[in-house]
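Q: Here is a structure I have not seen before. Please take me through the labels and say what each one rests on.
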Amino acid sequence: MSDALLEIEDYSGAFVGETGELTPVLHGVSYRLKTGMMTAVVGESGSGKSLVALSILGIQPPAFERSSGRMLFRGSDLLELDERAMQGIRGAEISMVFQDARAALNPVFTVGRQLADVWQLQHGGSRRAAMTQAIEALRRVSIPEPERRALQYPHQFSGGMAQRAMIAMASLICEPSLLILDEPTTGLDVTIQSDIMELIVELSRTRGLTTCLITHDLGVVAETCQEVVVMNAGRVVETGSAEAIFTRPSDGYTQRLLSASQLVEAA
Amino acid sequence: MTDAKPAKRAPVRRRRPRSYWALRIGIGLLVFYVAVALLSFVWTPYDALTPGVGDGYDAPSWAFPLGTDRLGADMLSRLMVGARYDLGIAFTAVAIALTIGTIIGVLAGYHGGALDTAVMRGVEIFQAFPGLLFAMLVVQAVGAGIVNVILVLSFVGIPDYLRLARAEIRAKKDWQYAEAARLTGNLPWRVAFRHLLPNSVGPLLAFTSINAAFAALVTASLGFLGLGLGPNVPEWGNMIARGQDGVMTGEWWVSFFPGLAILGLTGGLYLMGDALADLTDPRRRR
């Protein structure tokens, strides 16, 4: 055993077209998420970074077909688990925050009720206790007036507030060991972006969460992550500590990515 | 959706005044009908089943506000008792159809695949027959009686609810909140019934209301055709049929008032269904 919570080994696959033709999209993707660390998976749109993350939870699009690979989570291969066993992993062990939080919340239930539902599902207990936990979680992610906010519907939340609520659900209510964030700040105002990232960093530090941040925003990565995985066109082109990647990028694509983001002087 | 609090609360503006009015009228009519049906258990002006309380074909008067029928039974009393039959049959049938149709529809829609295909082909074959015709044939075959009429009506209604629930669930099962619900460890049936189905309550309720109007019409139609219930049961369709002769000779009230009762009931249900479609969506609620 190593200190990796999740090890992805040689994950490859293709999209199957309607006529059965294969479009390979992932080529031997391998990376590890080290326990207690925040790992960024960066790359441009279409590089396959989200697809790999969805595969971790077994919710890749149905048209995607895996041709090889393993995903070792605590020593067992997630890709070999049956639906029932996966059900126990989702939420309880691995949870996920999506890009569009308002779409991920059910429009007909209050936000508090949704958090309470998940709490009851994961931990049992009474309705009242679950609601208390939900309000506490909302308070913890700095949502003002959590008692009142808990009774509101998702459409009454701003994008940033909804994302906070989702983060509360994924991290505080589910209490997973691995939290995957799929572009959590894309589409939010810049000031709110940094607030949300601060919150994520703070939560994962205090809770000892292993975090996987999928993003194309290198600025965010530089400030928050310890490990970086760079993906391009379905391949992992470079992995390493954030420091190493930002100061001594070895791969040509990483260098271009860095100079395009204007974070560092092209040295 | 700002957090700024205006010093004074802005006057409440109704964005959909027509829906509200339609809903009010619809609910008002429905409450009236239910009240009349309930009242008929404790009080009617005369006994509804006793002929000869007046002469035959008495015109509306103070003693008999809606006249009497050919045998001299009080029309108002008969209409009141009729509300029990028409409302009771229609609503029970609709409740059964809604429950069974929704459950099967949600399962088929969420599960998809072979189950879905099998269910939908079955529904299509079944729906190839017109509902009223099917109801008539079956009632003729299995025999009359309230229970049979209710079962046949609910059976005729199931495919509509099934299709609607299936379509609703299919459209929503790949939405992100369904994904999110699965990701937090919900089992599939819980995602389907607890998370997705409540999103479809609006369309289902709206349709239920409109379908109840259809069920009431079919109930009356069966009665009019002399199928289902005994000839002396004061069911409205039955009463219209019995008053037909009078229309020719000028005794219009014997058919007219039961017809009006059916019109009011179906109209109210339609209005309510229409308004519900607009108002049950929380995003459109104020």
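A: Start with A:Phe73, which faces A:Ser76 in S5(A). The model is a predicted one.

Q: What makes S4(A) and S5(A) a pair of strands?
A: A pair needs at least two bridges. S4(A) and S5(A) have two bridges, in the antiparallel sense, so they count as paired.

Q: What joins S1 and S2 of chain A?
A: Nine bridges join S1 (residues 4-16) to S2 (residues 22-34), again in the antiparallel sense. A:Phe15 is opposite A:Thr23 in S2(A). The hairpin of S1(A) and S2(A) has five residues between the strands. In that hairpin, A:Gly20 has a positive phi near 95 degrees.

Q: Why are S2 and S5 of chain A said to stand at the edges?
A: The sheet is open, with four strands in the order S2-S1-S4-S5 and antiparallel pairing. S2 and S5 (76-77) each have a single partner strand, so one side of each lacks a neighbour in the sheet.

Q: Now to chain B. Why is the pair of B:Tyr33 and B:Trp236 called edge-to-face?
A: Over all chains there are 15 aromatic pairs. In the pair of B:Tyr33 and B:Trp236, the ring centres are 5.8 Å apart and the planes stand at 65 degrees.

Q: Are B:Tyr33 and B:Trp236 buried or exposed, and why?
A: Buried means under 20% relative accessible area. B:Tyr33 has 7%, so it is buried. B:Trp236 has 2%, so B:Trp236 is buried as well.

Q: What makes B:Trp252 and B:Trp253 an edge-to-face pair?
A: Their centres are 5.8 Å apart, and 85 degrees separate the planes. B:Trp253 is buried, because its relative accessibility is 6%. B:Trp252 has 44%, so it counts as partly exposed.

Q: Which residues form one aromatic cluster?
A: B:Phe126, B:Phe129, B:Phe134 and B:Phe155 form it.

Q: Why is B:Trp43 called partly exposed?
A: Its relative accessibility is 47%. Exposed needs over 50% and buried needs under 20%, so the value falls in between. B:Trp43 sits in the loop between helix H1 (17-42) and helix H2 (75-111) of chain B. B:Trp43 is also one of the residues of a nonpolar surface patch, along with B:Val34, B:Leu38, B:Leu39, B:Phe41 and B:Val42. Together they have about 630 Å² of accessible area.

Q: How do you know that B:Leu164 is partly exposed?
A: B:Leu164 has a relative accessible area of 21%. Buried would need under 20%, so the label is partly exposed. B:Leu164 lies in helix H5 (residues 146-172) of chain B. Beyond its neighbours within four places in sequence, B:Leu164 contacts B:Pro203, B:Leu204 and B:Phe207.

Definitions and conventions: Residues numbered from 1 in each chain as written. Chains lettered and ligands numbered in written order. Predicted model: local features only at pLDDT ≥ 70, side-chain atom pairs only at ≥ 80, totals over all residues. Heavy atoms only, no water. Patch = residues over 30% accessible without salt bridge, like charges linked within 9 Å, V, L, I, M, F, W, Y side chains within 5 Å. Areas by Shrake-Rupley, 256 points an atom, 1.4 Å probe, with all protein chains shown as cover. Salt bridge = Lys/Arg side-chain N within 4 Å of Asp/Glu carboxyl O. Buried < 20%, exposed > 50% of the residue type's maximum accessible area, 1.4 Å probe, protein only. Contact = heavy atoms within 4.5 Å. Phe/Tyr/Trp six-rings, centres within 6.5 Å; stacked < 30°, edge-to-face > 60°.
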